Amino acid sequence: RARDRLPSLGSAVVARLFFALWPDEPARRALAGLAGRMAVEAGGRPVPAANLHLTLAFLGEVPDERVGTACAVAADVRAGAFDLVLDRTGTFRRAGVAWAGPSVLPAELDRLQSALESGLRAAGFALDARPFAPQLTLARRTVKPSPEAATAPVAWRVGRFALVRSARDKGAYAELAGWELGKED
C-alpha cells in the first residue's frame, strides 16, 4: 500500500520520475562491488551504491498534478513478492553503460512490470515502446565494450516497488512512495 499521503513536489513543479526496485543491503553491497569491477573493465564510472536500482517504468518529466495519478496506478497493481537473481553483465555501447541483469525473468517481475506499464499507459503516461528488458545500471560513461557474460549471482527477495524522483543536477534519487508486493484481494 502507498504511504498515507500522496507525495507533492510543490506547486507547478515538474520532476523526472520512475518506478523502481531497490536491492536489499546485502545485494546492494555485492552490486556496488560488481559496479566497481565493471567500471574498471569498461572504463567508466561506477554508479554510487545508494543509486543502484532496477527501473520498472520511466515516466520522464511529470508535472506535480500527475504524481497522484501515477501513485493511484501503482496502488492498483497486484503482484507477488519474488526472488530476483542478477547473473549476467555486459555493456550497452551507445548508451555508455555497464549493466547486470537476470538470465531468467521471474514470472512475478514480468507480471508486476506488465501491470504497471498497462495501467500507466491507460492513465495517459507516455512510456518507452521497447519491450521490458530488466537491467540494473552498474557504471556510466563506459568507453570499452564488455560482451554479455555470466557473473557470480547477486540475489534478493523483492517485496516492494517504489516511485522515485531523480534530481538530474545532483545525481541523487528520492523515493516518493512505495508499495508492498504480495497483496491479496
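User: Which residue takes a positive phi in the hairpin of S4 and S5?
Analyst: Glycine 96, with phi near 70°; four residues lie between the strands of that hairpin. This is a predicted model, in which local features need pLDDT of at least 70, side-chain atom pairs count only at pLDDT 80 or more, and totals for chains, interfaces and linings use all residues. Residues are numbered from 1 along each chain as its sequence is written, and side-chain values use heavy atoms, with hydrogens and water left out.

User: How many bridges pair S4 with S5?
Analyst: Strand S4 (residues 82-92) and S5 pair in the antiparallel sense over five bridges; pairing requires at least two DSSP bridges, and strands are DSSP runs (E, at least two residues), numbered from the N terminus. Arginine 88 has glycine 101 of S5 as its bridge partner.

User: And S6, parallel or antiparallel to S5?
Analyst: Antiparallel, with four bridges joining S5 to strand S6 (residues 136-140).

User: Is S5 (residues 97-101) mostly covered or uncovered?
Analyst: Mostly covered: five of its five residues are buried, meaning under 20% relative accessible area with a 1.4 Å probe, protein chains only. Val97, Trp99 and Gly101 point one way, and Ala98 and Ala100 the other. In a regular strand, side chains alternate between the two faces of the sheet.

User: Turning to helices, which residues of H2 meet H3?
Analyst: Ala70, Val73 and Ala74 in H2 meet Leu116, Gly119 and Leu120 in H3, contact being heavy atoms within 4.5 Å.

Conventions. Buried means under 20% relative accessible area, exposed over 50%, partly exposed in between (1.4 Å probe, protein chains only).
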